[in-house]
Amino acid sequence: MNGVLPDSALARLIEGGAIRAELPVTPDQIQPASLDLRLGTTAWRLRASFLAGRGRTIADRLPDFEMHRMDLTGGAVLEKGCVYLLPLAESLSLPAGLDAVANAKSSTGRLDLLTRLVTDDGTEFDRLPDGYDGPLYAEICPRSFSVLVRPGMRLNQLRLRHGQAVLDDAALTALHAAEPLVDGTPLIDEGLGFSVDLRPSGDDLVGWRARPHTGVIDLDRIGAYDARDFWDALRTTEGRLILDPGAFYILVSREAVTIPPDYAAEMSPYLAMVGEFRVHYAGFFDPGFGHGTGRGARGVLEVRCHEAPFALEHGQVVGRLVYERMAARPDRLYGAGIASNYQGQGLKLAKQFR
C-alpha cells in the first residue's frame, strides 16, 4: 500500500539490512512514522556548504571544502556561524519503490540549528531518491547558539514512503469533515494553512527572540539552562511584532492541529511572497500529534526575518501542513506510551531550557 511507512515497517527494514549501522539501531530511535538518525564520531569544518552532485560521492568532494577534522568522541563544540559535515551512524540500502525525506527534529529546529541530510549522488538536501544505497551525512550550521555535540546524538530524522501519499485539497476537506484537523474553520489550499498567534489570553507573552551573544549549549543537558540567559521574552498587547533582520524567533500557531492515527504531516511554506521572513521548519508531525487531547496541539514556529524589518500581524498565515496517508497505522502514536516532549504544547522552547 502507498504511504508513509510506520514503525513496524521501519523495524522490518532494520532487521532485513535495508537500514544498517555499525552499532545496532535502538528501539527508541523508531518513532511512529520516522527514524531518528545518530551522529557518528567525526566532524569536518567546511568552508562552504555543498552537494555531491550527480555521479559523485561526498568523499570525492570533501577535499575541496574541508578545513579541518574534529573528533567527537569526548564531545566537541560546533561554533555559531560555521558549517560542519558529520557522517551519520546509519546508512541505507533501500529497495526499489521506496524513497525517503529527512528533516530536523523538533528540538533541533527550536535551537536554530540548520541541519540537513546530504548523500552521495545528491542534487538536493533532505531528499533521497528511490532505492538509494549509500552512506548518510548531516550538514550542520548553528545559526544562533554554539552547541556541544557527541556521537549518538539525534538531530535529524528520516521518513520513508512508498509512492504518492499526499492528500489533495478534496481529500483533506473530507478528512476534516470526518475528524476535525483544526479548531475553527480550516484554510485548505494545497495543505492546511496555519497562522501566527500574537494575542495570547492572560499573559501578554507572545514569543522569544534569540540573544546574540550567549554561552554554549550542551545538547544532552535537558532542562538545564535558564531561558533568560539565551532568549529575550517578547510581549505585546497590539497583536503585532516588528521582526528584526537576521534575528531568530520562537512563536506559536493560532490554530491547534490534530494528526489522526492513519496520517502524518509535514510543515511547508505557505507563499514565499507573504513577507520578508521565513518560517524555519523542523517539519515532521507524527501520527497522533494533538490527537486524543480534546483540543489538538499548537505548532511552534521558528521564524527568521530577512533583508528588511517586517511587521508580523496576529492571524497572518505563515505556513501549511501537508498531510500524507500512512501505509499502515503505527503500533505506537505520538504522545501515547513514548517520550513525546511536545504533545499538547503551546509556546515552548527546546527541551534544554527551563
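Val-118 has Tyr-137 of strand 11 as its bridge partner. This is a predicted model, in which local features need pLDDT of at least 70, side-chain atom pairs count only at pLDDT 80 or more, and totals for chains, interfaces and linings use all residues. Residues are numbered from 1 along each chain as its sequence is written, and side-chain values use heavy atoms, with hydrogens and water left out.

Strands 9 and 11 pair in the antiparallel sense over 7 bridges; pairing requires at least two DSSP bridges between two strands. Strands (E, at least two residues) and helices (H or I, at least four) are DSSP runs numbered from the N terminus.

A nonpolar core joins buried Ala, Val, Leu, Ile, Met, Phe, Trp, Tyr and Cys residues through side-chain atoms within 4.5 Å.

| Core | Residues | Members include |
|---|---|---|
| Largest | 56 residues | Leu-158, Leu-160, Ile-217, Leu-219, Trp-231, Phe-353 |
| Second, separate | 34 residues | Leu-167, Leu-243, Leu-251, Tyr-334 |

In helix 2 (residues 58–65), Ile-58, Arg-61, Leu-62 and Phe-65 are buried. They lie on the same side of helix 2 because they cover an arc of only 120 degrees around the axis, taken from the directions from the helix axis to the C-beta atoms. Ala-59 and Pro-63, on the other side, are exposed. The cover over the buried residues of helix 2 includes strands 4, 5, 7, 9 and 11.

Notes
Buried means under 20% relative accessible area, exposed over 50%, partly exposed in between (1.4 Å probe, protein chains only). Contact means heavy atoms within 4.5 Å.
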